[in-house]
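Please keep the sequence and the structure in view while reading.

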Amino acid sequence: MKIKKIVALVLALALMCALAACGGGSGSETDSNRTDNANSGSETVYTVTIGHAAAEDLAQHQCALAIKEYLEENGNGRFNVSVYPNSQLGANREMTEAVLEGNLTMLLTSSGTQTNFVPSSAVFDVPFVWADEAAMEKTIYDKDFLAALNAEHEAAGFRLVMLTHSSFRQLSAKKPIHTPADCKNLVIRTQENNFQMKTWELLGANPTPLAYNEVYTALQQGTVEAQDNPLELFTAQKFYEQQKFFIRTNYLGYVGMWIMNNDFYQSLPDDLREIFDAACEAGLARNEEYAETSNAEKIQLIQDHGLEVIDLTDQERAQFKEATAPVIDDIKEVVSSEVWTAFENTLE
């Protein structure tokens, strides 16, 4: 049996067990996402399963919990919601496939994974495009941009429910970094993403793709000298034990893509669809509040462990932005013109 089939079988079994535990069925969209009350004539109860790869102490999980709470408190008993953090239902790719097949209702995933299913998601790989969180929020909360990106998702069988963020992907290293010249020959761990790897190549570094769970050992053994990750993931894996400098480059926004099975969303009655939309707004508010408080605490944590935090000046960031500009043409080739235009409009 091929590995892919084995992974699919394991995921299917995990989902069946999870859904059985929370009163759901198995297999089809109707069974896994909708269950009828035992009493004759009662209204349909919708089983909602939410999966993600984040740890339970991170903003993303708090967002998912807020969605669950809102649905169960305001849905008049018509929503039964379960949340599965820490990749309990598989890696992002397996969970995304489960959403597409109707076996998982909703998922928080990364743009890196989603690009494999909706190429226009690569718009979030444009480097150094946002100077600060306010600029990033102007884009990811823009209704026209969301509508354009959702149209691409719906064509692929998904619904893009919302975008959230937990600040930026930042750089850490064993030496100070202020300019692209400081990156020359720097061996840096990256995601297995062609656009991100090219970005670091343009800066003169040697990008080395590694799985997230392999990074700590690679830093410890000197296989790589640096890595880029959002602050919350940097502290979650204690990378600060193997690094000396944390450089706030605001390289890429740490954008979370909340997707769901579009057939399930469209199957909801109008009143429940409104409640579902409101639940996602509640989740977004929880994510923002938690991420802001959490990031401030985590900066203090890494400073307490002896790391020097470097904030690039506007002039230094401009050098990075100029050096990496050529990758933008590559990204534009895979992003739809409608999404790209809406994206550019948010930057004006």
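## Helix H7

In H7, the buried residues are Phe-145, Ala-148, Leu-149, Asn-150 and His-153. The model is a predicted one. H7 covers residues 143-155, 13 residues in total, and its first and last C-alpha atoms are 18 Å apart, close to the 18 Å expected at 1.5 Å a residue. An α-helix has 3.6 residues a turn, so residues three or four places apart point the same way.

What do the buried residues of H7 pack against? Their partners are helix H5 (111-114), helix H6 (133-140), E5, E9 and helix H15 (337-346). At the start of the helix, Asp-142 places a side-chain oxygen within 3.1 Å of the backbone nitrogen of Asp-144. After H7 comes Gly-157, with a positive phi near 100°.

## The chain as a whole

The chain holds 15 helices and 10 strands. It has 348 residues, of which 51% count as buried.

Among contacts between residues at least 6 apart in sequence, 74% join residues at least 24 apart.

Helix H3 runs over residues 59-74 and has 16 residues; from first C-alpha to last it reaches 22 Å, close to the 22 Å expected at 1.5 Å a residue. Its buried residues are Ala-59, Gln-60, His-61, Gln-62, Cys-63, Ala-64, Ala-66, Ile-67 and Leu-71.

Helix H12 spans residues 270-304, with 35 residues and a reach of 51 Å from first C-alpha to last, close to the 51 Å expected at 1.5 Å a residue. Gly-306 follows H12 and has a positive phi, near 95°.

Is strand E4 enclosed or open? Four of the five residues of E4 (residues 106-110) are buried, so the strand is largely enclosed by the rest of the structure.

E4 pairs with strand E2 (residues 44-51) through two bridges, and these strands run parallel. Here Gly-51 stands opposite Leu-107 of E4. E4 also pairs with strand E9 (residues 245-261), through five bridges and in antiparallel fashion. In that pairing, Met-106 has Met-260 of E9 as its bridge partner.

## Thr-96

Thr-96 sits in helix H4 (residues 92-101). It counts as buried because its relative accessibility is 0%, against a cut-off of under 20%.

Which residues does Thr-96 touch, leaving out those up to four places away in sequence? They are Leu-107, Thr-109, Thr-113, Gln-114, Phe-117, Phe-158 and Ile-259.

## Cysteines

How many disulfides does the model contain? The count is zero, where a disulfide needs a pair of cysteine sulfur atoms within 2.5 Å. Cys-280 is in no disulfide: the nearest cysteine sulfur, that of Cys-63, is 7.6 Å away. Cys-280 is buried, because its relative accessible area is 4% and the cut-off is under 20%.

Cys-183 lies in the loop between strand E5 (158-173) and strand E6 (187-190). With 0% relative accessibility, Cys-183 also counts as buried. Not counting residues up to four places away in sequence, Cys-183 touches Ile-177, Trp-200, Leu-203, Gly-204, Ala-205 and Phe-320.

Most residues other than glycine have a negative phi, and most peptide bonds are trans. Asn-76 is not a glycine, yet its phi is positive, near 55°. Asn-76 follows H3 and is found in the loop between H3 and strand E3 (79-84). Is Asn-76 buried or exposed? Asn-76 is exposed, because its relative accessible area is 71% and the cut-off is over 50%.

Lys-238 also has a positive phi, about 55°, although it is not a glycine. Lys-238 is placed in the loop between helix H10 (231-236) and E9. At 41% relative accessibility, Lys-238 counts as partly exposed.

Conventions. Residues numbered from 1 in each chain as written. Predicted model: local features only at pLDDT ≥ 70, side-chain atom pairs only at ≥ 80, totals over all residues. Heavy atoms only, no water. Buried < 20%, exposed > 50% of the residue type's maximum accessible area, 1.4 Å probe, protein only. Contact = heavy atoms within 4.5 Å. Expected span 1.5 Å × (residues − 1). Pairing = 2+ DSSP bridges. Polar contact = N/O pair within 3.5 Å; in protein donor to acceptor, adjacent residues only side chain to side chain.
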